[in-house]
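Open the structure in your viewer and follow the stops below in order. Each stop gives a selection and what is found there.

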Amino acid sequence: MSEDAPQPPTPEEERPTRPAILRGFRRRCPNCGEGGLFQGYLKVVDRCPVCREELYHHRADDGPAYLTILIVGHLLAPVIHIGFTRFRPEPLVMATVLTVAAVALSLYLLPRLKGLVVGIQWARRMHGFGKPQ
Ligand SMILES: [Zn+2]
C-alpha cells in the first residue's frame, strides 16, 4: 500500500448514517442521542447541551417541509378515496376530519423530518459539519 493511498477513517472520524438519522428523527443530537436537537418547535440548537457538538452547520432549509408534504399526501390520499367510497360522509364532515388529520400529522412529522435531515447532514459531514474545529 503506497503512502499516497487514502487512509480509512479512524473510529473517531466515522459517523454512521443510520444511527444519526434515527437520533435526528427522535429529535435528539445526531452525535450522542442524548441532548435535545431543538429549542422550541423547529429551531436547531447551536451546540448539543450534552456533548457540545456543533449543530449550527445544518442547512435543512425547505427539505423537511417537502418531505412532510410528500408523506402526508401519500398517507391521506388513500384515506380520502376509501373514506369517500365506503362511507360517503357529508362533505363538511369529511373536509373537517381530513383537515384536522393533515394538520396534526404535519405538525407531528415536520420536526422529526427536520431532525432526520440534520442527522444526514451531520453524518455525511455536509455544510461545515466535517470541518476541524
Ligand atoms: Zn450531543
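A crossing is left-handed if the near helix is turned anticlockwise from the far one by less than a right angle, and right-handed if clockwise. This is a predicted model, in which local features need pLDDT of at least 70, side-chain atom pairs count only at pLDDT 80 or more, and totals for chains, interfaces and linings use all residues. Residues are numbered from 1 along each chain as its sequence is written.

Select α2 (63–87) and α3 (91–123); helices (H or I, at least four residues) and strands (E, at least two) are DSSP runs, numbered from the N terminus. The crossing of α2 and α3 is right-handed. Their axes come within 8 Å and cross at roughly 150 degrees; axes are lines fitted to C-alpha atoms, for helices over the stretch in contact, and angles run from 0 to 180 degrees between N-to-C directions.

Next, colour the contact residues (C-beta atoms, placed from the backbone, within 7 Å). Among them are L67, I71 and L75 of α2 and L98, L105 and L109 of α3.

Now go to the loop between α2 and α3 and select R88. Its phi is near 45 degrees, a positive value in a residue other than glycine. R88 counts as exposed because it has 9 C-beta neighbours inside 10 Å; exposed is 12 or fewer other C-beta atoms within 10 Å of its own, with C-beta atoms placed from the backbone.

Last, select R52, in the loop between β2 (43–44) and α2. R52 is not a glycine, yet has a positive phi of about 65 degrees. With 12 C-beta neighbours inside 10 Å, R52 also counts as exposed.

How values were computed. Buried ≥ 20, exposed ≤ 12 C-beta atoms within 10 Å, placed from the backbone. Contact = placed C-beta atoms within 7 Å.
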